[in-house]
Amino acid sequence: MASKEVLRMGDARLLRIAEEVKEFNTAELHQLLKDMRDTMHAMNGVGLAAPQIGVNLRVVIFEVAGNPRYPEAEAVPQTVLINPRITPLKKKMEEDWEGCLSVPGLRGIVPRYINIRYQGFDEYGNVIDRTVSDFHARVVQHECDHLDGILYPMRMRDLRKLGYTDVLFPGQDIADD
Ligand code: NI
């Protein structure tokens with residue numbers, strides 16, 4: 001395991017605009033993705049962006065399959081998404097709870113587009129082009145925001161809906177990161 005330290009809110013490195021990946025299928029890129037997977041799995045995250053481990057590149061990963069932090073969540077395929085572009089397909093947004101490994105112990109209500117198309121590349125340079133909705137769409141929007149220095153509290157419309165997980169959901173066995 002090569003689990004890395006996840007930067008936490010307040011670290012200026014989380015506020016940078018990440019750079020595009022220029023070369024695919026390199027040893028460096030594969031090593032970065034291994035570090036990101038190990039880190040995400042060690043922390044039971046549903047997604048992770050390279051800037052969260054201090055690497056300023058437009059690379060995100062996500063995967064939802066029986067995650068203990070989100071037991072009710074629909075499955076999202078294990079995905080590597082590089083140089084992503086998101087296009088909202090409808091104006092409609094939906095508010096729901098989010099957490100972030102860079103904002104441990106908290107949850108907040110965040111508005112996100114319900115229907116999006118996302119495009120980008122996998123680690124070999126193969127094109128990814130998907131139309132998704134609901135939780136899958138939320139995860140992608142959250143992770144890609146990290147590439148533009150945006151953490152979910154910056155998207156919130158009502159900071160009264162930000163709180164500690166164990167206070168918001170007492171008695172529920174939700175991991176506190
Ligand atoms: Ni996050």
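Is Gln 119 buried or exposed? Hold on to that one for a moment, everyone, and we'll come back to it.

First, what we are looking at. This is a predicted model, in which local features need pLDDT of at least 70, side-chain atom pairs count only at pLDDT 80 or more, and totals for chains, interfaces and linings use all residues. Residues are numbered from 1 along each chain as its sequence is written, and side-chain values use heavy atoms, with hydrogens and water left out.

Now the answer. Gln 119 counts as buried, because its relative accessibility is 17% and buried means under 20% relative accessible area, with exposed over 50% and partly exposed in between, using a 1.4 Å probe and protein chains only. Gln 119 sits in strand β6. A word on that name: strands are DSSP runs of E with at least two residues, helices are runs of H or I with at least four, and both are numbered from the N terminus. What does Gln 119 touch, leaving aside neighbours within four places in sequence? Its contacts, meaning heavy atoms within 4.5 Å, are Leu 81, Asn 83, Pro 84, Arg 85, Thr 87, Ile 128 and Asp 129.

Let's zoom out to the sheet. Five strands make an open sheet, in the order β1-β2-β3-β6-β7, with antiparallel pairing. In general, the strands of a sheet pair through backbone hydrogen bonds, either parallel or antiparallel. Here, two strands count as paired if DSSP finds at least two bridges between them. At the edges are β1, residues 47-49, and β7, residues 127-133, each pairing on one side only. From one strand to the next, the twist averages 35°; for such angles, axes are lines fitted to C-alpha atoms, for helices over the stretch in contact, and the angles run from 0 to 180 degrees between N-to-C directions.

Three bridges connect β1 with β2, which covers residues 59-64. Leu 48 stands opposite Ile 61, and Ala 49 has Val 60 as its bridge partner. How much of β2 is covered? Six of its six residues are buried. On one side we have Val 59, Ile 61 and Glu 63, and on the other Val 60, Phe 62 and Val 64.

Next along, β2 and β3 pair over five bridges, with Val 59 opposite Ile 82. Then β3 and β6 pair, also antiparallel, over five bridges. Here our opening residue returns: Gln 119 in β6 stands opposite Arg 85. Strand β6 is mostly covered, with five of its seven residues buried.

Finally, seven bridges join β6 to β7, and Ile 116 faces Val 132 there. The hairpin of these two strands has five residues between them, and Gly 125 in it takes a positive phi near 90°. Please also find Asn 126, in the loop between β6 and β7. Asn 126 is partly exposed, because its relative accessible area is 42%. Not counting residues up to four places away in sequence, Asn 126 touches Gly 120 and Phe 121. The C-alpha atoms of Asn 126 and Phe 24 are separated by 9.2 Å, though these residues are 102 apart along the chain.

What about the helices? Helix α1, residues 27-42, lies across β1, β2 and β3, and runs at about 40° to β2. Helix α2 packs on the sheet too, touching β1, β2, β3, β6 and β7, and its direction makes about 70° with that of β3. Phe 135 belongs to α2 and is buried, with a relative accessible area of 17%. Its C-alpha atom is 9.6 Å from that of Arg 112, 23 residues away along the chain.

Arg 112 brings us to our last stop. The second largest pocket holds about 300 Å³ of space. Of the 15 residues lining that pocket, the closest to its centre are Ile 86, Arg 112, Gln 141, Asp 145 and Arg 155. A pocket here is an open set of points on a 1 Å grid over the protein atoms alone, where a 1.4 Å probe fits, with protein on both sides within 12 Å along at least five of seven lines; lining residues have an atom within 4 Å of a point. The volume is the space filled by probe spheres set on the points, which are joined across faces, edges and corners.

Which element gives the largest share of that lining? Strand β3 does, with four residues.
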